[in-house]
Amino acid sequence: MDNFQIETAQNVTILQNAAGIGERILAYLIDLLIIVAYFIVVIFIVGALQLNSGDEWVFWLIVGMPVFLYFLLWETFWNGKTPGKAALKIKVVRLDGSKPAFSNYLIRWLLRLLDITLAFGGVAVVTILFKGTGQRLGDMAGGTTVISEQQRVQFRQTILVDIPENYVPVYPQVTVFSDAEMRKIKTIYTEAKRDVNHNVILELSKKVSALMDVTPQEKPLHFVDRVIADYNYYTQQL
C-alpha cells in the first residue's frame with residue numbers, strides 16, 4: 001500500500017503510511033483464531049457445567065457478547081489495535097493521524113457487518129485497493145484508516161551520502177557527532193536546501209562548527225555539506 005498525504009486545517013501536510021491489504025488480512029486471521037480458541041474453551045466449559053436448556057441460552061448470550069464486541073472493545077481501549085493488529089504493527093487512526101474518538105470506532109464497527117461479515121471481506125478488499133488511503137466503507141464513514149507503525153526508511157532519511165573513492169576529508173572533528181545527531185543535521189540541511197532557506201543553513205552551520213570547535217573555511221552551505229560527507233568518510237572506515 002502506498003503512502004498518502006493529508007492536508008490538515010492548519011495547512012500541515014501529514015504523510016500517512018497506510019497498512020497493506022496483506023497485513024490487514026493477516027491481522028484479521030489472527031484475531032479470528034483468537035475468537036475460535038475462545039469458543040473452544042467455552043464449549044468445554046458448557047460441557048463440564050452440564051447446563052439445562054434455559055441456563056445454557058443465558059450462558060451463550062453472556063459469553064457471546066465479548067465476541068460480538070471484540071473489535072470495538074479492543075480498538076477503543078487499546079489505542080486502535082486488536083491483538084492481530086498489534087502483532088502486525090498496524091492500528092486504526094483518524095485521517096490526520098490523531099487518535100479516533102469512540103464515535104469513530106463505533107461507526108467503523110457498525111459497518112463491519114456490511115463490508116466484511118456479510119460480504120466475506122470482499123467489499124472491504126475492493127474498497128481498500130481502489131480508495132488509495134487504506135479505507136474500507138467503515139473507515140470512510142468513520143473518518144479513519146489503518147496505518148503501519150513500521151518505519152520504512154528511505155535513503156534520504158539516513159546519514160548516508162555518496163562519496164568518491166579518492167575523497168579527501170577536511171574535518172576529523174565530525175566524529176564528535178553520533179549517528180542520530182548526524183541524521184538530524186542532514187535532515188535539517190536537506191529540507192532547508194530544498195526550501196532555499198539560507199537562514200536555517202547559516203544557523204545550522206554556526207551550531208555545527210561550534211560543536212566541532214572549528215572555523216569553517218567554506219560558505220555555510222558548502223561547510224554543512226562537507227561535514228556530512230566527512231562523517232560518512234570516517235564512519236565508513238571503521
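Tutor: Let's begin with helices: a helix here is a DSSP run of H or I with at least four residues, a strand is a run of E with at least two, and both are numbered from the N terminus. Leu-32, for instance, is found in helix H1 (residues 21-49). This is a predicted model, where local features need pLDDT of at least 70, side-chain atom pairs count only at pLDDT 80 or more, and totals for chains, interfaces and linings use all residues. Residues are numbered from 1 along each chain as its sequence is written, and side-chain values use heavy atoms, without hydrogens and water.

Student: Why is Leu-32 called partly exposed?

Tutor: Buried means under 20% relative accessible area, exposed means over 50%, and partly exposed is in between (1.4 Å probe, protein chains only). Leu-32 has 35%, so Leu-32 is partly exposed.

Student: What makes Glu-149 and Lys-81 a salt bridge?

Tutor: The rule asks for a side-chain nitrogen of Lys or Arg within 4 Å of a carboxyl oxygen of Asp or Glu. Here N to O is 3.3 Å, so the pair counts. Glu-149 lies in the loop between strand S4 (144-148) and helix H9 (179-194), and Lys-81 in the loop between helix H3 (70-77) and helix H4 (83-87), so the pair ties together parts 68 residues apart in sequence.

Student: How do you know whether Lys-81 is buried or exposed?

Tutor: Lys-81 has 18% relative accessibility, so Lys-81 counts as buried.

Student: What makes Arg-112 sit over the ring of Phe-71?

Tutor: A charge sits over a ring if NZ of Lys or CZ of Arg is within 6 Å of the ring centre and within 35 degrees of the ring normal. Arg-112 lies over the face of Phe-71, at 3.8 Å from the ring centre.
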